Amino acid sequence: MLQRVIEELKNYDGEEVRIMEVCGTHTAAISENGIPSMLSPKIKLISGPGCPVCVTVTAVIDRLVELSLSENTCVLTFGDLIRVKGSKMSLSDAKAEGANVRMLYSPMDSIAIAKENPSTNYVFAAIGFETTTPVYGRVIEKAIEEHVTNLKLLTSLKTMPQVIRWVVKNGGGIDGFIAPGHVAAVTGEEIFKDLAKELGIPFVVSGFEGEQLLLTIYALVKMKGKGGFKNLYKQVVTPTGNEMAKSCVDKYFEKSDSSWRGMGKIEGSGMILRQEYKNFDAGSFGLDEDHMPPGCSCEKVLVGKITPNQCPLFGKSCTPDNAHGACMVSTEGSCYNYYISGRR
């Protein structure tokens, strides 16, 4: 069956189909598995705003830089975010000037670090989507349990449904969506089933193996113009999702408007700490300004208006070793994955 699917996708000669994945891990998996080379030129794969580092506005980076340069304060973050430039510098640049910045692999590690160094104030850069928000809730829960008072979060947390609506309205004409498997594992499949019905565009929830992605693309090609929904990741994604994770999010966070790189403020597309937990906030409010580097086209890449290689900086002044835009910095970014896989 898989071989038949590959042959049909390679030889497809119908109307052009524009398919967007809205998950950074899907973007990476598509490149790693060489999937674009298996498709007809009439099947276009487009990377959407599913990379949390890529959609973080420069005001958030600027605030983190400011905090890292403050006396007796250390910023904790994931590796990719360190290299993303704010309006003037990145956390990596600030570190070279003496700022206190430390990379972690898990947000939960911040608890032990803060306990071991009670005289230092720690700020964790809490960015992400529905997938990681429960983890930040757990960090707060653990900090309360262990009486840790020198740890705060600078939050830039996003949610998928609202930005998908924004892309459909303002983007480059999408015929189908590869729904994010990690997000759907937490939220459940229903939010994407509802979006498919509301927007009249097909959604298929996919896993991350090459075979799963090929079957998902095949399903979306067949569903073009018909709408509908399929869950091809049922071993992980259920109709209602992870109730424990959702309960944790509801306890510590509430919905808010949020600013996205190159897209501005999107109503109801973010999560902020509830009022009763504001003592854990490191100044996350009002961080809306976004300064794109000169010549950078990330804002067009993120919504599918252009492909990464259509940006005038791509592969020239902007490479993974000398990234201008966030989409080239992050390993989940579309520009980065286009570059390393040689996609043209």
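In helix 15, which covers residues 334-341, the buried residues are S334, C335, Y336, N337 and Y338. Buried here means under 20% relative accessible area, with a 1.4 Å probe and protein chains only. Helices (H or I, at least four residues) and strands (E, at least two) are DSSP runs, numbered from the N terminus.

What lies over those buried residues? The cover includes helix 2 (24-32), strand 2 (43-47), helix 13 (298-301) and helix 14 (326-329).

## About the model

This is a predicted model: local features need pLDDT of at least 70, side-chain atom pairs count only at pLDDT 80 or more, and totals for chains, interfaces and linings use all residues. Residues are numbered from 1 along each chain as its sequence is written, and side-chain values use heavy atoms, leaving out hydrogens and water.

## The whole protein

Stepping back, you will find 15 helices and 11 strands in the protein. Its radius of gyration (taken over C-alpha atoms) is 20 Å, close to the 20 Å that the globule rule gives for 344 residues, so the protein is as compact as a globular protein of that length. That rule is 2.2 Å times the number of residues to the power 0.38. The C-alpha trace spans about 65 × 45 × 30 Å along its principal axes.

Of the 344 residues, 55% are buried. Among contacts (heavy atoms within 4.5 Å) with a separation of 6 or more, 76% link residues 24 or more positions apart.

How values were computed:
Buried < 20%, exposed > 50% of the residue type's maximum accessible area, 1.4 Å probe, protein only.
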